Amino acid sequence: MTISEDTIKNAVVRYQREYDRYLKLSARVAEICRFEIVEGNAIRAQVTFRAKSPKSLEGKLRRFAASGKKDVPDVQSVFDQVRDLAAVRIAAYEQKHEDHVVQLVCKRFVDFGGAAPPSERKDKNSADSNNFYRATHIEAFLPEADLIGTYANVSDVPCEVQVCSMMAHVWNEIEHDLGYKPITGSLSEQEYNLLKSLGLAVRQGDQTISTLFTETERRQLALGGVFTDVYDFVARVRGWFPNIDFGRNAGPLYEALQPVRLVSPESIRKLIDIPEPMTEAAQNVLDEFAAKLAAQGGARFTLDRNSSDLLLVLLLPKVANYIVSSSGDAVSDGVGRLRWFAARFQALSKVESGGVN
């Protein structure tokens with residue numbers, strides 16, 4: 001037998017004792033993904049999380065025993081081999097954002113040794129025309145800086161992060177429930193055919209959603225007045241910075257500009273005396289500011305030349321004081337980052353003007 005009854009029972013008992021760790025970890029990873037990765041970079045996506053229930057783990061282990069395909073000799077082997085006890089799913093509205101999300105996840109989290117975690121892209125349709133499963137899997141651990149307070153006891157616990165499109169998520173879930181663990185026998189030929197039809201519809205749906213949002217951005221560009229949301233902000237300002245991933249870091253910038261009343265392209269443009277396109281000029285300003293920060297040493301954050309940081313550095317001479325002093329202590333980590341840059345800009349300006357010895 002590949003896994004004994006005692007091993008199954010003892011593994012489930014251990015997991016019941018440790019369940020709260022996995023639930024706590026998955027919730028924290030989801031929180032980071034939602035606020036720092038999705039909202040922080042103006043990516044339309046849904047973030048969900050779960051810790052596998054003890055009953056679900058028991059069912060998985062019994063399938064191991066029935067199939068005979070896995071050798072699980074003891075309880076520790078269960079936890080070594082079942083790596084998705086804590087899991088987070090990021091379902092991007094547009095398929096084109098999947099790779100970007102994966103890059104951001106791998107940059108934010110670490111593997112067990114503290115390095116960037118590897119990612120595994122699974123697109124089963126390339127090998128099986130009837131299988132439309134598509135997602136990227138990342139085994140993520142919290143970095144050391146996050147292992148404080150209540151999270152100090154999850155340093156050895158992995159969280160599986162799955163990244164896929166919203167449409168792929170629909171097919172993945174339905175196929176998983178019907179095909180992976182059927183409780184009423186094998187699927188019929190008609191069920192297989194309907195799953196394939198759904199898979200084809202899902203692939204077409206990805207294209208339709210992408211076209212829909214392209215048309216939405218075209219409409220937003222023609223609008224006047226204030227921004228309706230961060231996606232409108234990105235759509236109507238990114239044209240000033242061609243070939244730049246303006247959505248990167250755009251969430252906190254949009255949030256920080258609200259108290260300053262920079263709520264429309266017109267209000268922002270009045271403060272920037274640079275002709276369009278602004279990319280090259282803004283990158284020069286950013287590089288100069290970054291060099292000054294580096295010369296001071298101990299920089300807490302770094303500027304990104306391929307992001308909305310280009311707009312930030314152009315606005316700092318006009319709005320740094322307002323960003324630093326804007327009311328409200330409960331700000332996101334991203335806005336805290338912008339406030340840090342604004343405070344450093346203030347300090348450097350005082351030194352250069354002779355205000356500080």
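The model is predicted: local features need pLDDT of at least 70, side-chain atom pairs count only at pLDDT 80 or more, and totals for chains, interfaces and linings use all residues. Residues are numbered from 1 along each chain as its sequence is written, and side-chain values use heavy atoms, without hydrogens or water.

**Overall**
- The chain has 12 helices and five strands. Helices (H or I, at least four residues) and strands (E, at least two) are DSSP runs, numbered from the N terminus.
- The C-alpha trace spans about 80 × 45 × 30 Å along its principal axes.
- Of the 357 residues, 45% are buried. Buried means under 20% relative accessible area, exposed over 50%, and partly exposed in between (1.4 Å probe, protein chains only).
- Of the contacts (heavy atoms within 4.5 Å) between residues at least 6 apart in sequence, 73% join residues at least 24 apart.

**Sheet**
- Five strands form an open sheet with mixed pairing, in the order S1-S2-S5-S4-S3. Two strands pair if DSSP finds at least two bridges between them.
- The edge strands, S1 (45-51) and S3 (119-123), each pair on one side only.
- From one strand to the next, the twist averages 20°. Axes are lines fitted to C-alpha atoms, for helices over the stretch in contact, and angles run from 0 to 180 degrees between N-to-C directions.
- S3 and S4 (residues 134-140) run antiparallel, joined by five bridges. Lysine 122 has alanine 135 in S4 as its bridge partner.

**Helices on the sheet**
- Helix H1 (residues 5-38) packs on the sheet and touches S1, S2 (86-92) and S5 (159-165). The direction of H1 makes about 170° with that of S1.
- Helix H4 (residues 98-108) also packs on the sheet, touching S2, S3, S4 and S5. The direction of H4 makes about 160° with that of S5.

**Loops and backbone**
- The peptide bond from glutamate 276 to proline 277 is cis, with omega near -5°. Proline 277 sits in the loop between H9 (265-269) and H10 (279-296).
- Alanine 42, in the loop between H1 and S1, has a positive phi near 50°. Alanine 42 counts as buried because its relative accessible area is 15%.
- Asparagine 249 lies between H7 (230-237) and H8 (250-257), in a loop. Phi of asparagine 249 is positive, near 70°. The relative accessibility of asparagine 249 is 17%, so this residue is buried.

**Helix H5**
- Isoleucine 174 belongs to helix H5 (residues 166-180). Isoleucine 174 is partly exposed, at 35% relative accessible area.
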